[in-house]
Amino acid sequence: VSRASLLLAALAEVGWLARLNHVRRPVLCLYFPIYMAEDLVVFVAELLRASEKAAHIARLCRAERTLFELLVEEKTGREKNQRFKRDFKTLADVLIQEMVRQHIGMKFPLLCDRVRGEESREFSSSSGESITVRMCATEPETAALLSKVMGGHATAAALLARAAHDEGPEPTLPGELVSSLRNVAVDVSELGVWIDPIDGTNEYVRGLCPLSLPSQVYSSGLRCVTVLLGAYLVSSGEPVVGVVQQPFWKEEPSSGTWRGRLVWGVSHGGRTVSSLPRPLEALPPRPHPLVLLSRSESQEVVGVVKEAGWEVVW
(Lines give C-alpha, C1' and ligand atoms only; values in the text may rest on other atoms or scores of the structure.)
Protein backbone atom coordinates (compact mmCIF):
# COMPACT_ATOMS: atom_id res chain seq x y z
CA VAL A 1 0.00 0.00 0.00
CA SER A 2 1.47 3.37 -1.01
CA ARG A 3 1.89 6.28 1.40
CA ALA A 4 -0.43 8.32 -0.83
CA SER A 5 -3.25 5.79 -0.48
CA LEU A 6 -2.77 5.68 3.30
CA LEU A 7 -2.98 9.47 3.43
CA LEU A 8 -6.18 9.45 1.36
CA ALA A 9 -7.67 6.83 3.68
CA ALA A 10 -6.84 9.02 6.67
CA LEU A 11 -8.36 12.08 5.01
CA ALA A 12 -11.54 10.09 4.38
CA GLU A 13 -11.87 9.66 8.15
CA VAL A 14 -11.67 13.39 8.86
CA GLY A 15 -14.70 14.74 10.75
CA TRP A 16 -15.70 18.36 11.21
CA LEU A 17 -17.52 19.06 14.48
CA ALA A 18 -19.12 22.42 15.22
CA ARG A 19 -19.70 23.23 18.89
CA LEU A 20 -21.93 26.19 19.81
CA ASN A 21 -22.40 25.78 23.55
CA HIS A 22 -18.88 26.72 24.71
CA VAL A 23 -18.22 29.82 22.62
CA ARG A 24 -20.25 32.42 20.78
CA ARG A 25 -19.02 31.26 17.40
CA PRO A 26 -18.73 27.65 16.21
CA VAL A 27 -15.34 26.04 16.67
CA LEU A 28 -14.30 23.73 13.84
CA CYS A 29 -12.42 20.75 15.18
CA LEU A 30 -10.39 18.68 12.72
CA TYR A 31 -10.10 15.20 14.19
CA PHE A 32 -7.81 12.45 12.98
CA PRO A 33 -8.38 9.08 14.67
CA ILE A 34 -5.07 7.82 16.07
CA TYR A 35 -3.75 4.58 17.46
CA MET A 36 -5.74 3.77 20.61
CA ALA A 37 -2.80 3.12 22.97
CA GLU A 38 -1.03 6.33 21.93
CA ASP A 39 -4.37 8.14 22.29
CA LEU A 40 -4.46 7.26 26.01
CA VAL A 41 -0.97 8.71 26.51
CA VAL A 42 -2.07 11.99 24.89
CA PHE A 43 -5.33 11.97 26.86
CA VAL A 44 -3.59 11.60 30.22
CA ALA A 45 -1.07 14.30 29.27
CA GLU A 46 -3.88 16.73 28.39
CA LEU A 47 -5.70 16.02 31.67
CA LEU A 48 -2.46 16.82 33.50
CA ARG A 49 -2.01 20.02 31.47
CA ALA A 50 -5.59 21.10 32.26
CA SER A 51 -5.05 20.40 35.97
CA GLU A 52 -1.91 22.57 36.02
CA LYS A 53 -3.84 25.41 34.39
CA ALA A 54 -6.58 24.90 37.00
CA ALA A 55 -4.06 25.18 39.84
CA HIS A 56 -2.74 28.44 38.39
CA ILE A 57 -6.27 29.88 38.21
CA ALA A 58 -6.99 28.78 41.81
CA ARG A 59 -3.87 30.59 43.03
CA LEU A 60 -4.61 33.73 40.99
CA CYS A 61 -8.12 34.00 42.42
CA ARG A 62 -6.74 33.90 45.97
CA ALA A 63 -3.93 36.38 45.31
CA GLU A 64 -5.81 39.43 46.62
CA ARG A 65 -8.07 38.94 49.63
CA THR A 66 -10.31 41.97 49.05
CA LEU A 67 -10.98 40.98 45.48
CA PHE A 68 -11.43 37.31 46.37
CA GLU A 69 -14.30 38.16 48.74
CA LEU A 70 -16.24 39.43 45.71
CA LEU A 71 -15.85 36.06 44.02
CA VAL A 72 -17.52 33.86 46.64
CA GLU A 73 -21.15 32.86 46.39
CA GLU A 74 -23.24 30.69 48.72
CA LYS A 75 -25.08 27.81 47.09
CA THR A 76 -28.81 27.44 47.65
CA GLY A 77 -31.62 25.06 46.66
CA ARG A 78 -30.73 22.03 44.57
CA GLU A 79 -27.18 23.27 44.04
CA LYS A 80 -26.43 23.12 47.78
CA ASN A 81 -24.87 20.00 49.30
CA GLN A 82 -27.35 19.07 52.02
CA ARG A 83 -24.61 17.50 54.15
CA PHE A 84 -23.25 20.97 54.97
CA LYS A 85 -24.91 23.78 56.89
CA ARG A 86 -23.43 26.24 54.41
CA ASP A 87 -22.04 25.41 50.97
CA PHE A 88 -20.08 27.78 48.74
CA LYS A 89 -18.76 28.08 45.24
CA THR A 90 -16.24 30.60 43.92
CA LEU A 91 -15.47 32.06 40.54
CA ALA A 92 -12.42 29.77 40.55
CA ASP A 93 -14.76 26.74 40.72
CA VAL A 94 -16.79 27.84 37.73
CA LEU A 95 -13.93 29.17 35.59
CA ILE A 96 -11.80 26.06 36.16
CA GLN A 97 -14.71 23.82 35.25
CA GLU A 98 -15.39 25.69 32.01
CA MET A 99 -11.68 25.87 31.14
CA VAL A 100 -11.26 22.10 31.53
CA ARG A 101 -14.47 21.50 29.58
CA GLN A 102 -13.20 23.56 26.66
CA HIS A 103 -9.62 22.26 26.84
CA ILE A 104 -10.59 18.58 26.67
CA GLY A 105 -13.35 19.25 24.12
CA MET A 106 -10.90 20.99 21.80
CA LYS A 107 -8.23 18.31 22.14
CA PHE A 108 -10.72 15.42 21.89
CA PRO A 109 -13.79 16.62 19.94
CA LEU A 110 -15.60 13.29 20.32
CA LEU A 111 -15.75 13.95 24.08
CA CYS A 112 -17.33 17.42 23.77
CA ASP A 113 -20.68 16.31 25.22
CA ARG A 114 -19.12 14.10 27.89
CA VAL A 115 -17.10 16.61 29.92
CA ARG A 116 -19.16 17.58 32.93
CA GLY A 117 -18.75 19.14 36.36
CA GLU A 118 -20.59 19.62 39.59
CA GLU A 119 -20.94 23.41 39.51
CA SER A 120 -23.67 25.54 37.98
CA ARG A 121 -22.31 28.05 35.45
CA GLU A 122 -24.51 30.81 36.87
CA PHE A 123 -22.73 33.36 39.04
CA SER A 124 -23.99 36.60 40.58
CA SER A 125 -22.00 39.76 39.98
CA SER A 126 -21.35 42.33 42.72
CA SER A 127 -24.38 44.24 41.41
CA GLY A 128 -26.63 41.17 41.74
CA GLU A 129 -26.82 40.39 38.02
CA SER A 130 -26.88 36.66 37.17
CA ILE A 131 -24.14 35.88 34.63
CA THR A 132 -23.39 32.63 32.84
CA VAL A 133 -19.64 32.08 33.14
CA ARG A 134 -18.11 30.46 30.08
CA MET A 135 -14.98 30.36 27.97
CA CYS A 136 -15.52 32.76 25.07
CA ALA A 137 -13.98 32.50 21.61
CA THR A 138 -11.16 34.93 22.44
CA GLU A 139 -9.21 35.98 25.50
CA PRO A 140 -10.48 39.61 25.44
CA GLU A 141 -14.10 38.42 25.28
CA THR A 142 -13.56 36.14 28.27
CA ALA A 143 -11.85 39.00 30.13
CA ALA A 144 -14.83 41.29 29.45
CA LEU A 145 -17.25 38.65 30.77
CA LEU A 146 -15.19 38.03 33.92
CA SER A 147 -14.89 41.77 34.51
CA LYS A 148 -18.69 41.96 34.76
CA VAL A 149 -18.66 39.22 37.42
CA MET A 150 -15.81 40.94 39.26
CA GLY A 151 -17.43 44.34 39.51
CA GLY A 152 -15.29 45.99 36.85
CA HIS A 153 -11.86 44.78 38.04
CA ALA A 154 -10.53 44.69 34.49
CA THR A 155 -6.87 44.01 35.35
CA ALA A 156 -7.65 40.95 37.48
CA ALA A 157 -10.18 39.74 34.91
CA ALA A 158 -7.54 39.99 32.18
CA LEU A 159 -5.09 37.93 34.26
CA LEU A 160 -7.66 35.18 34.79
CA ALA A 161 -8.68 35.18 31.12
CA ARG A 162 -5.03 34.89 30.08
CA ALA A 163 -4.52 31.95 32.44
CA ALA A 164 -7.66 30.23 31.16
CA HIS A 165 -6.81 30.66 27.47
CA ASP A 166 -3.08 29.93 27.83
CA GLU A 167 -2.18 26.57 26.32
CA GLY A 168 0.20 25.86 29.18
CA PRO A 169 3.43 23.83 29.05
CA GLU A 170 3.19 20.31 27.68
CA PRO A 171 3.57 17.76 30.51
CA THR A 172 6.54 15.44 30.27
CA LEU A 173 5.68 11.89 31.28
CA PRO A 174 8.56 9.62 32.31
CA GLY A 175 9.39 7.07 29.62
CA GLU A 176 8.56 4.07 31.79
CA LEU A 177 5.08 5.43 32.51
CA VAL A 178 4.47 6.11 28.81
CA SER A 179 5.44 2.51 28.04
CA SER A 180 3.07 1.26 30.76
CA LEU A 181 0.20 3.40 29.49
CA ARG A 182 0.58 1.90 26.02
CA ASN A 183 -0.23 -1.49 27.53
CA VAL A 184 -3.61 -0.30 28.87
CA ALA A 185 -6.30 -1.12 26.30
CA VAL A 186 -8.71 1.81 26.62
CA ASP A 187 -10.49 3.52 23.74
CA VAL A 188 -10.52 7.21 24.69
CA SER A 189 -13.60 7.80 22.51
CA GLU A 190 -15.57 5.67 25.00
CA LEU A 191 -14.66 7.82 28.01
CA GLY A 192 -16.45 10.60 29.85
CA VAL A 193 -14.80 13.22 32.09
CA TRP A 194 -16.01 14.49 35.47
CA ILE A 195 -14.65 17.67 37.08
CA ASP A 196 -14.65 18.73 40.72
CA PRO A 197 -12.96 22.09 40.11
CA ILE A 198 -12.27 23.00 43.76
CA ASP A 199 -12.66 20.15 46.23
CA GLY A 200 -12.54 21.71 49.68
CA THR A 201 -14.17 25.02 48.78
CA ASN A 202 -14.76 25.97 52.43
CA GLU A 203 -11.04 25.61 53.16
CA TYR A 204 -10.29 27.54 49.97
CA VAL A 205 -12.59 30.37 51.06
CA ARG A 206 -11.13 30.53 54.59
CA GLY A 207 -7.56 30.48 53.30
CA LEU A 208 -5.90 29.31 56.52
CA CYS A 209 -2.51 27.58 56.72
CA PRO A 210 -2.47 25.55 59.98
CA LEU A 211 0.37 23.25 61.03
CA SER A 212 0.17 19.56 60.24
CA LEU A 213 -0.95 16.94 62.78
CA PRO A 214 1.51 14.47 64.36
CA SER A 215 0.36 12.07 61.63
CA GLN A 216 1.83 14.55 59.10
CA VAL A 217 -1.64 14.94 57.62
CA TYR A 218 -3.22 18.38 57.18
CA SER A 219 -6.80 18.27 58.42
CA SER A 220 -7.74 21.80 57.34
CA GLY A 221 -6.48 24.82 55.44
CA LEU A 222 -5.35 25.56 51.91
CA ARG A 223 -3.23 22.41 51.71
CA CYS A 224 -6.46 20.39 51.77
CA VAL A 225 -7.74 22.06 48.59
CA THR A 226 -7.56 19.91 45.45
CA VAL A 227 -8.65 19.95 41.83
CA LEU A 228 -10.07 16.55 40.87
CA LEU A 229 -10.38 15.27 37.30
CA GLY A 230 -11.65 11.78 36.55
CA ALA A 231 -12.35 9.76 33.42
CA TYR A 232 -14.72 6.81 33.28
CA LEU A 233 -16.23 4.40 30.78
CA VAL A 234 -19.55 5.85 29.69
CA SER A 235 -20.99 2.37 29.10
CA SER A 236 -20.45 1.13 32.66
CA GLY A 237 -19.34 4.07 34.83
CA GLU A 238 -16.08 2.26 35.61
CA PRO A 239 -13.38 4.74 36.76
CA VAL A 240 -10.31 4.60 34.51
CA VAL A 241 -8.21 7.74 35.09
CA GLY A 242 -7.84 9.90 38.18
CA VAL A 243 -5.92 13.18 38.54
CA VAL A 244 -5.44 14.94 41.89
CA GLN A 245 -3.94 18.42 41.74
CA GLN A 246 -2.94 20.13 45.02
CA PRO A 247 -2.51 23.84 44.13
CA PHE A 248 -1.36 24.88 47.61
CA TRP A 249 1.10 22.13 48.44
CA LYS A 250 4.13 24.13 49.57
CA GLU A 251 4.49 27.81 50.41
CA GLU A 252 7.75 29.60 49.68
CA PRO A 253 8.60 31.49 52.92
CA SER A 254 10.53 34.27 51.18
CA SER A 255 7.90 35.19 48.58
CA GLY A 256 4.67 33.82 50.05
CA THR A 257 3.91 32.11 46.73
CA TRP A 258 2.64 28.56 46.49
CA ARG A 259 3.79 25.54 44.51
CA GLY A 260 1.50 22.69 43.59
CA ARG A 261 1.75 18.91 43.53
CA LEU A 262 0.19 16.47 41.08
CA VAL A 263 -0.71 12.79 41.50
CA TRP A 264 -2.41 10.66 38.86
CA GLY A 265 -3.24 7.06 38.09
CA VAL A 266 -4.82 4.81 35.46
CA SER A 267 -6.46 1.46 36.17
CA HIS A 268 -8.25 -0.80 33.71
CA GLY A 269 -8.30 -4.41 32.63
CA GLY A 270 -6.06 -5.57 35.46
CA ARG A 271 -3.34 -3.03 34.61
CA THR A 272 -2.44 -0.11 36.86
CA VAL A 273 -0.18 2.86 36.10
CA SER A 274 0.51 5.56 38.68
CA SER A 275 2.74 8.56 39.25
CA LEU A 276 3.19 7.49 42.89
CA PRO A 277 6.55 5.98 43.77
CA ARG A 278 6.65 2.23 44.29
CA PRO A 279 6.75 0.19 46.34
CA LEU A 280 4.42 1.88 48.83
CA GLU A 281 5.46 -0.84 51.31
CA ALA A 282 8.72 1.12 51.72
CA LEU A 283 6.88 3.75 53.78
CA PRO A 284 7.62 3.62 57.54
CA PRO A 285 5.21 1.34 59.45
CA ARG A 286 2.43 2.84 61.58
CA PRO A 287 0.94 1.46 64.81
CA HIS A 288 -2.56 1.90 63.38
CA PRO A 289 -3.77 2.35 59.80
CA LEU A 290 -5.08 5.81 58.92
CA VAL A 291 -8.45 6.62 57.37
CA LEU A 292 -9.42 10.09 56.14
CA LEU A 293 -13.03 11.06 56.78
CA SER A 294 -15.07 14.18 56.16
CA ARG A 295 -15.98 16.23 59.22
CA SER A 296 -19.59 15.90 58.08
CA GLU A 297 -19.45 12.09 58.44
CA SER A 298 -21.97 10.57 60.87
CA GLN A 299 -20.79 9.59 64.35
CA GLU A 300 -22.12 6.09 63.72
CA VAL A 301 -19.70 5.60 60.83
CA VAL A 302 -16.82 7.15 62.80
CA GLY A 303 -17.50 4.79 65.72
CA VAL A 304 -17.50 1.70 63.51
CA VAL A 305 -14.20 2.72 61.88
CA LYS A 306 -12.51 3.36 65.23
CA GLU A 307 -13.74 0.07 66.67
CA ALA A 308 -12.13 -1.68 63.68
CA GLY A 309 -8.75 -0.35 64.82
CA TRP A 310 -8.34 2.57 62.41
CA GLU A 311 -6.97 5.97 63.39
CA VAL A 312 -9.37 8.64 62.10
CA VAL A 313 -8.00 11.83 60.59
CA TRP A 314 -10.33 14.65 59.55
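A residue is called buried when its relative accessible area is under 20%. With that cut-off in hand, let us walk through this predicted model. Cys 136 has 0% relative accessibility, so Cys 136 counts as buried. Cys 112 is at 7% relative accessibility, and therefore Cys 112 is buried too. As for bonds between cysteines, a disulfide requires a pair of cysteine sulfur atoms within 2.5 Å, and the count here comes to 0 disulfides.

Now step back to the whole chain. Its 314 residues include 41% that count as buried, and its secondary structure is made up of 9 helices and 14 strands.

Let us turn to the interior. In soluble globular proteins, nonpolar side chains tend to be buried together. The largest nonpolar core in this model holds 64 residues, and the members that touch the most others are Phe 43, Trp 264 and Val 266. Helix α2, spanning residues 36-61, gives the most to this core, with 11 residues.

Which residues does Phe 43 contact, leaving aside its neighbours within four places in sequence? The partners are Ile 104, Phe 108, Leu 111, Val 188, Leu 191, Val 193, Ala 231 and Val 241.

Key. Residues are numbered from 1 along each chain as its sequence is written. This is a predicted model: local features need pLDDT of at least 70, side-chain atom pairs count only at pLDDT 80 or more; totals for chains, interfaces and linings use all residues. Side-chain values use heavy atoms; hydrogens and water are left out. Buried means under 20% relative accessible area, exposed over 50%, partly exposed in between (1.4 Å probe, protein chains only). Helices (H or I, at least four residues) and strands (E, at least two) are DSSP runs, numbered from the N terminus. A nonpolar core is a set of buried Ala, Val, Leu, Ile, Met, Phe, Trp, Tyr and Cys residues joined through side-chain atoms within 4.5 Å. Contact means heavy atoms within 4.5 Å.
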